[in-house]
Amino acid sequence: MAKFDAVVEESLQQTLVDLIELELQAKQAHWNIKGARFRALHLALDEIVSLVRTDLDEVAERLATIGGNPDGRSATVSKTTSLDEIENGDLSVDKTYQLMAEKVQAVCDKVRENLGAADDADPITGDLLISVVSGLEQQAWFLRAATE
């Protein structure tokens with residue numbers, strides 16, 4: 001199979017590293033939240049992690065399918081993710097709802113930024129990225145709604 005346009009590979013790779021970083025940050029928050037409504041956020045973060053793990057696997061496999069080489073190594077993720085690092089230590093529930101909503105939305109926004117060009121070059125990849133955004137936007141909404 002011929003390799004696809006570089007924009008498709010770059011879009012998939014960026015999505016992959018951002019999803020890996022989002023998964024790691026959601027688990028970091030999951031382990032360190034404290035306060036009222038702990039249990040609800042604890043479970044919500046597990047739901048996000050589950051969704052993200054499924055999505056990142058599909059993204060990596062799509063990248064491999066079209067002839068690319070998915071790179072999920074920790075050094076690559078830390079150098080190329082669009083997400084800022086999450087703080088270490090205890091995290092308040094209220095702050096974490098807002099923080100994680102922003103992080104989930106940031107990944108959505110980054111995927112959307114690359115979506116048009118990737119979809120033009122490869123509609124199947126475009127459909128996959130749309131699915132990723134759809135699921136993440138719903139999770140960001142769930143997090144935001146919990147604080148209103």
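User: Which residues does UniProt list for "domain: Ferritin/DPS"?

Analyst: UniProt, in an unreviewed entry, lists residues 10-145 for "domain: Ferritin/DPS"; such annotations may be inferred rather than shown by experiment. This is a predicted model, where local features need pLDDT of at least 70, side-chain atom pairs count only at pLDDT 80 or more, and totals for chains, interfaces and linings use all residues. Residues are numbered from 1 along each chain as its sequence is written, and side-chain values use heavy atoms, leaving out hydrogens and water.

User: How much of residues 10-145 is helix, and how much is strand?

Analyst: Helices (H or I, at least four residues) and strands (E, at least two) are DSSP runs, numbered from the N terminus. Over residues 10-145 the chain is 81% helix and 3% strand.

User: How do I read a pair of helices, such as H4 and H5?

Analyst: Two packed helices are described by the angle between their axes and the distance between the axes. Axes are lines fitted to C-alpha atoms over the stretch in contact, and angles run from 0 to 180 degrees between N-to-C directions. Helix H4 (residues 93-121) and helix H5 (residues 123-145) have axes that come within 8 Å and cross at roughly 160 degrees. That makes H4 roughly antiparallel to H5 (over 145 degrees; under 35 counts as roughly parallel).

User: At what angle do the axes of H2 and H4 cross?

Analyst: The axes of helix H2 (residues 38-65) and H4 cross at roughly 20 degrees and come within 10 Å. H2 and H4 are therefore roughly parallel to each other.

User: What lines the largest pocket?

Analyst: Rolling a probe the size of a water molecule over the atoms shows where empty space is left. On a 1 Å grid with a 1.4 Å probe, a pocket is an open set of points with protein on both sides within 12 Å along at least five of seven lines; lining residues have an atom within 4 Å of a point. Here the lining of the largest pocket includes Ile20, Glu21, Thr81 and Ile86. H1 gives the most to this lining, with five residues.

Notes
Angles under 35 degrees count as roughly parallel, over 145 as roughly antiparallel, 65 to 115 as roughly perpendicular and the rest as oblique.
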